[in-house]
Every structure is written in structure tokens, then in C-alpha cells.
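Please keep the sequence and the structure in view while reading.

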Amino acid sequence: MVRFKDIVDSKCGIRYYFEGLELSSGFSRKLLLETPMMTSTEEIKASYISVLEAVRVLDDYDVYESVTARLCELRDITATFARLEDGEVLDEIELFEIKHLALVSAKVRELLEPMNLCSDRVECRLPLPEDLSEVLALLDPDGLGINSFYIYDSYDPRLAELRLVIRRASGEERAEAEEKAAAMEAAVRASLSASLKSFSSLMKDSLYSLARLDIILAKAKMMEDKGYVIPKVLERGGKGGYEGLFHPQIADSLSESGRSFQPIDFSYSSPVTVLVGMNMGGKSVVLKMLALAQYLVQFGFAVPATSARVAPKDEVFLISGDAENSREGLSSFAGEIKAIDASIAYARNIGEPLVLVDEPARTTNPIEGTALVSALVQTFSELGTAAVITTHYDIAGVRCRQLRVKGYSEGKMDYSLADVGEAGVPHEAIDTARRTGADSRWLDLARRFADNR
Amino acid sequence: MTLIDDIVESRSVSVVGLEKNTGKTECLNYIIRNLPAGRVKVAVTSIGVDGETTDSVTGTSKPEIFLREGMLFSTSEKHYLQRRILSELLDVSDESTALGRVVTARALDYGNLLLSGPSTGKGLGRWIRKMETLGAGLTLIDGAISRLSSASPAISEAMVLSTGAALSANIAELVRKTAHTVGLIMAEKYSGPGYERMSGLEGGGIWNICTDGSIRQVPSGMSALSLASVKDNLARGFAGIYVSGALTDRLVDRIIADGAGDGFEIVARDFTKVFVSPSCVARMERAGIMLKMLMTSRLLAVCVNPVSPNGIILDSSRLCGALEEKLPVPVYDLFRLDS
């Protein structure tokens with residue numbers, strides 16, 4: 001099972017997206033990181049419905065602000081619940097935190113209930129905290145409704161008497177009374193803990209509901225602020241695609257330097273797509289975008305695109321032959337082969353992956369490299385695996401769709417994709433190198449060698 | 001009692017000691033006992049965690065803070081649960097210390113407890129703001145021993161300094177050391193050209209203050225530590241220098257060696273960033289150099305404890321008299337006042 005924390009530092013750049021979420025509490029952040037990736041169409045659809053319901057909360061800014069202000073106060077008190085279930089006696093700080101949770105739950109319910117988010121409560125997908133009024137009654141015996149706690153006099157009439165003694169007396173008499181009061185307070189805490197024990201799972205549900213509510217509100221807020229879209233979720237195995245897909249992190253860093261990101265259209269119309277294009281042409285960016293969008297959908301986030309149709313996968317493989325395998329003592333070639341092999345094994349034996357491979361076999365000789373890539377395309381075609389592979393090799397003779405990134409033209413980066421057509425793999429490496437200002441003698445010779453072939 | 005009046009007028013006051021056992025906690029307790037009840041809502045905490053837990057290691061008893069009914073206080077979870085005072089819990093913060101999170105409560109009776117609040121300057125700043133939202137009109141901070149940082153004007157508005165026999169058994173030496181620190185605390189505020197820019201600068205660094213009023217950063221002069229790598233002359237042709245990090249003897253001597261003379265101004269961020277010795281101050285004075293601070297603290301008073309833990313008892317009136325002669329602020333022997 002893939003959890004959000006497993007992929008948050010994936011090369012696709014989902015961390016940037018994650019850090020942009022306006023989560024109110026650290027506990028929600030922790031919960032989100034532990035969230036498993038959804039792989040069923042129904043589940044993903046349901047999660048998007050909750051985001052749409054959350055948009056209605058956003059529409060009433062006063063309510064949204066009040067709710068998030070409460071959610072900011074959310075604390076991870078699961079350790080306290082565990083102690084409660086073990087029959088231990090809670091201390092004053094723990095009792096205070098439980099009371100605080102009950103107050104937050106009551107306030108959030110009070111804020112959201114009049115919105116009638118769903119006519120039928122059972123149908124409502126937005127998580128609402130549980131009714132903890134019985135818990136509150138235990139910890140607020142005087143019904144003050146204030147966010148504070150101590151062992152109130154009303155728990156035991158003898159406490160009030162003792163406290164009066166403490167206040168007036170001094171020396172030994174005071175110390176004696178203090179000791180008695182402390183014992184009495186401990187007894188009150190024991191009896192409160194025993195009474196609270198039966199509410200433990202209800203309180204835990206409430207805490208988790210509030211954290212989920214926080215996450216969903218943050219998803220909705222980001223969607224509204226950034227203009228992202230909720231995709232149409234296809235059945236498993238469906239052929240999806242995107243229009244106007246972009247990469248938020250790269251788009252933001254481009255716009256900082258006054259440039260703009262050219263969004264792309266892409267469809268998984270045939271299982272395997274081969275992406276060609278010159279160096280520095282944005283092929284890797286396309287793969288990152290596709291991985292990012294797939295993860296976003298399967299964790300229930302809106303997608304940075306103008307429209308999207310996405311079928312869930314069991315796993316996403318984003319493989320680029322960077323040097324990170326050297327840590328394991330593998331050469332970059334061996335590391336890459338291992339990673340690609342894992343994706344083939346997954347497709348063969350385990351489930352339905354999306355495989356995105358950036359320039360496989362780029363570090364080996366071009367004759368075998370071409371053979372390895374052509375064979376990889378055919379292997380994925382045979383398995384019916386959705387795969388996008390970028391390459392500089394001419395892989396004529398294998399049936400697949402070939403697209404090329406338009407790339408750098410007229411001083412602007414154009415990430416949009418076009419069919420390769422008759423031209424085959426573009427031969428632009430030397431021209432690109434020339435634009436970087438590399439040694440002209442070297443490049444003149446290179447041109448002569450290329451033309452002689 | 002002018003000390004109490006001055007404190008009531010302030011929004012936040014740090015009490016810091018020049019040395020362990022100079023009666024800092026007694027000083028704080030004296031203030032708390034004598035504050036006019038009901039006139040102002042008081043919140044109190046300590047930055048003591050790091051410095052003062054060593055007290056329990058060395059075995060000397062750590063004094064408890066006295067609290068009055070209605071006061072707000074913040075301490076660690078551990079010390080809160082060990083308290084012997086009736087109080088109502090109001091907040092559990094994310095601020096964490098070695099002894100657990102920092103909790104805030106309201107005293108419902110009088111009593112004593114150990115305070116161990118936020119352990120960083122930033123944490124204290126957040127604490128002060130939090131107390132203000134809880135309605136506190138005056139925040140008191142029990143500063144750490146031999147750490148004056150909690151008294152930084154970036155954190156608290158005013159301060160009380162405690163000194164005493166624990167610092168030196170010799171009255172003349174005690175007065176000299178105390179007067180040196182007081183001199184730094186009360187150094188004049190800089191208000192010359194470039195003040196706005198300097199106040200807005202973040203991080204360490206050294207800036208020349210040019211005669212035309214502009215300021216420019218000394219290349220690679222990121223700190224006094226990399227001083228040797230600074231090749232430029234730091235003084236000649238400039239009106240002054242702004243040192244945003246630590247101001248040390250070495251740096252001052254370099255500035256003097258570079259030719260700083262009469263009227264040259266050395267500007268430090270605040271007195272907590274100044275680590276120069278009395279002899280270095282004397283060298284500056286001889287050269288006619290002025291030491292100024294970007295931010296100044298209001299020193300309300302110096303409190304004296306004539307008793308040291310190893311049994312030395314100084315003559316209180318002689319000590320107070322000698323200090324009063326040298327210091328431009330009131331001097332109190334709270335032990336005598338209290339009894």
C-alpha cells in the first residue's frame with residue numbers, strides 16, 4: 001500500500017503542492033501523510049464529492065474562517081486515548097485536552113450544521129465531528145462552556161471546604177490540607193477517567209473527523225484559489241488524458257522570472273507512448289507532470305489542468321536514470337535496469353501500473369540502447385501497460401504512438417506535444433549545444449561527423 | 001515604592017541576574033508580592049529551563065516563584081503537575097521544552113511553583129503575545145542565569161538587574177563589574193543616518209556607516225569570526241560602523257587599529273549582543289569612540305543581594321551606597337526592604 005508520505009518526496013514534485021495546502025493543524029498534516037493512495041474509482045469519486053461540499057463552506061467566508069480557527073487548535077491526543085483505554089488515570093492536562101476537543105467538536109458542529117450540507121446526513125461526505133456533549137458534561141460540571149479546566153469544587157463538596165482551609169491556614173495545617181486535597185483530586189481524576197473510558201472511540205472518531213475536515217477544506221481552498229479542476233474519474237483500465245496540464249512548481253518559478261509555462265494536452269490513447277524531442281526540450285517535465293497528476297487524483301486533490309479524465313492505477317513508476325543508485329553501489333545503468341525491471345515485474349504479477357521512464361539506456365552504446373528501448377516499448381505493449389517513455393533513439397519498427405515536445409522556439413519554451421509523423425526523431429542536439437555557446441570548433445566537427453553518417 | 005510603579009507602567013519586564021544566586025528569584029517574588037492587586041493582570045514565566053535545571057544537578061535548591069490569585073503563569077507540563085497551588089488550566093501550547101510542553105494557567109489561590117517556560121527568545125516573544133490575548137497587561141519574565149538574552153529589548157520592554165555577593169566578595173570589584181554591565185545596558189540609542197535601514201536588516205553582518213549617511217555592507221564581514229578575512233579598512237573615511245551580530249573585543253580593537261577616532265560611532269543591535277570587556281570599553285573611551293545601540297532596554301532598577309551562598313555577607317548599606325554612587329538607576333536591597 002502506497003501512503004502519501006512514501007511519495008511526498010517523489011521527483012514529480014508533489015511536495016511543493018503539499019506545502020501549498022493551507023492545513024490548520026499539525027495533526028491533519030500527519031494524518032494526510034499517513035493516508036493510503038486510493039485505487040478504486042468509487043472511492044476517488046466519493047472523496048471528490050466531499051471536496052465539492054467543502055466548497056460550499058468556503059462560499060461563506062465567515063463560517064470558513066471560524067471553522068479553520070477552531071481546527072487550528074486541534075492537537076494529537078491519541079496517546080491520551082490509548083492511556084484511557086488501558087484504564088489509566090489521566091492527569092489534569094490530559095483532561096483539559098479532552099475537554100478542549102469536546103468544545104472544538106461542539107463549535108464546529110454548531111457552525112456547519114445550519115449549512116445543511118446534505119439533506120440526508122447519511123449521504124453527507126463532509127466529515128463532521130461526533131456529538132461529545134456527554135463528555136463535555138463530565139468535564140464542565142458547572143456548564144460554563146469555557147475552555148479551561150481544573151478539578152472543580154463541584155466534583156466533591158469536601159474539596160471546597162479543604163480549599164477554604166488551605167487559603168486561610170499556613171504552615172503545617174496548610175500542608176496537611178493540601179495533601180488531603182491532592183488525594184481527593186486524584187480520586188476525582190480516577191472516577192472521571194473511568195467514566196470517559198466508554199467515550200474513547202467516539203472521541204477518537206471526532207478527532208479524526210476534524211482532521212479529515214481540515215484536509216478536505218484545504219484541498220477545496222487550493223482548488224478554488226488556484227483554479228485547479230476536479231477530474232472525471234474513469235473506470236480502471238480506462239484511457240484518460242489531460243487538457244491544459246501544467247506543473248505548479250515549474251510554472252511558479254518561471255513566472256517569478258517573468259516567463260510563462262506552456263500547458264500541454266496529453267492522452268493515453270494507446271498504451272505506450274514514446275516521447276522524443278531535443279535536449280533541454282522538456283521531456284522530463286512532461287513525465288513529472290503526468291506522475292504528479294496521477295498521484296493528485298489518487299489522493300483526492302484537484303488537478304492543475306483545464307480538464308482531466310483519469311483512470312486509477314495501482315502504482316506509479318517514475319524512473320529517471322539519475323545518479324541516486326550510486327548510493328547502493330550500483331552503476332547508473334544497473335540501477336536503471338533494476339528500476340525498470342521492477343515496473344515490468346509489477347505489471348506482470350501484481351497490478352496495473354502507470355510507468356513513466358525518462359531516457360532509458362541513455363548511458364550505454366546507441367546500438368544496444370536502441371534495441372533495449374524498442375524491446376521495452378514492445379514489452380509494455382504486450383502487457384497492455386500504460387507507459388510513457390522518452391528517448392533520443394530511433395525506434396522505428398515497433399508499433400507505438402510517437403510524440404515530440406515542440407521545445408525551445410523563438411526564445412520561448414513550448415512544452416506542447418505533436419505527432420512525430422514522418423520526420424522521426426529530431427536531430428537538433430548540435431544546434432541546441434550551439435545555443436549554449438559551446439566551443440565552435442568542436443561543434444563544427446560534430447556537424448561534419450553527423451552529416452557523414 | 002518607585003520600583004513597583006515603574007514596573008506597573010511597563011508592558012513586559014525581564015528580571016535577570018548577573019550571576020547565579022544574586023537573588024533574581026527573590027527579586028521577582030518581591031515584585032509579585034508588592035504589585036497592586038487588581039490594577040493590572042499579570043502573567044509570569046521563566047526562560048530558565050536550560051540554565052536552571054543544572055540547579056537540581058548541583059543539588060542547590062531551586063527557588064519557587066510565589067504567585068497570587070488571578071495571576072496567569074506558564075510552566076512546563078512536568079512542573080505544572082508537580083505544583084502545589086490551585087489553578088485553572090487555560091492553554092497547552094505547541095512550545096516544547098525539555099520538561100514537556102508549556103502550559104498556561106490562572107492561579108485560583110496564592111501559592112508557590114517552579115516555573116519553566118519557553119526556552120528560546122522567539123518562544124518568549126510568542127508567549128508575550130499569547131498572554132496579551134489572554135488579557136495580561138504586564139508580563140514578567142524570570143530570566144536565565146548568566147543569560148541576559150531574555151532581557152533583550154527585542155523581547156521585553158524593560159528590565160530589572162540583580163547583582164550581589166555571589167558575583168564578587170569584594171565590594172569594589174562587584175561595583176566595577178555591575179557598573180560595566182549597566183553601562184552597556186544604558187548605552188545611548190543610535191538615531192543617526194541609516195537607522196531605518198539597519199532596523200530592517202535581518203541576520204548577521206557588518207555595515208559601514210558612510211559620511212553621506214548611507215550604509216553599505218562590509219564584504220565577507222559576516223561575523224566577528226571571519227574578521228581576519230576582511231581586508232577593507234573598517235574605520236577610515238567612515239562615520240561609524242554597525243555590527244548586527246556579536247560585538248567583541250577583537251572587533252573593537254580592529255576598528256581602533258583601522259584608525260577610528262574621535263566621534264566615530266560603533267552601533268550594536270542591543271546590549272545582549274555586546275561582549276566587550278571593561279578594559280575594551282576604556283580603550284574605546286580613550287579613542288573618543290561612542291558605543292550606541294539600535295534598540296535600548298529600559299533598566300528600571302538594580303537589586304542587590306548582599307549574601308552569597310558560600311556564606312559571605314557584605315555590608316548592605318555600604319554596598320548599596322557604592323553602587324548608587326556609580327549607577328544612574330535606583331539600587332534596592334530587597335532582602336532588607338522585605339524584612
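Two residues are in contact if their C-beta atoms, placed from the backbone, lie within 7 Å. Among contacts in chain A between residues at least 6 apart in sequence, 75% join residues at least 24 apart. The model is predicted, so local features need pLDDT of at least 70 and side-chain atom pairs count only at pLDDT 80 or more, whereas totals for chains, interfaces and linings use all residues. Residues are numbered from 1 along each chain as its sequence is written, while chains are lettered from A and ligands numbered from 1 in the order in which they are written.

Chain A contains 17 helices and 10 strands; these are DSSP runs numbered from the N terminus, helices being H or I of at least four residues and strands E of at least two. Its radius of gyration, taken over C-alpha atoms, is compared with a globule rule of 2.2 Å times the number of residues to the power 0.38. Because the radius of gyration of chain A is 30 Å, well over the 22 Å that the rule gives for 453 residues, chain A is more spread out than a compact globule. The C-alpha trace of chain A spans about 105 × 50 × 45 Å along its principal axes.

A residue is buried if 20 or more other C-beta atoms lie within 10 Å of its own, exposed if 12 or fewer, and partly exposed in between, with C-beta atoms placed from the backbone. Of the 453 residues in chain A, 36% are buried. S3(A) runs antiparallel to strand S2 (residues 241–245) of chain A, and three bridges join them; strands pair if DSSP finds at least two bridges between them. Tyr242(A) has Phe266(A) in S3(A) as its bridge partner.

Tyr242(A) is also touched by Ala293(A), as are Leu245(A), Val303(A), Ala305(A) and Ala308(A), not counting residues up to four places away in sequence. A nonpolar core is a set of buried Ala, Val, Leu, Ile, Met, Phe, Trp, Tyr and Cys residues joined through C-beta atoms within 7 Å. In the largest such core, of 203 residues, Ala293(A), Leu356(A), Ile389(A), Ile241(B) and Ile266(B) touch the most other members. Helix H11 (residues 200–226) of chain A gives the most to this core, with 12 residues.
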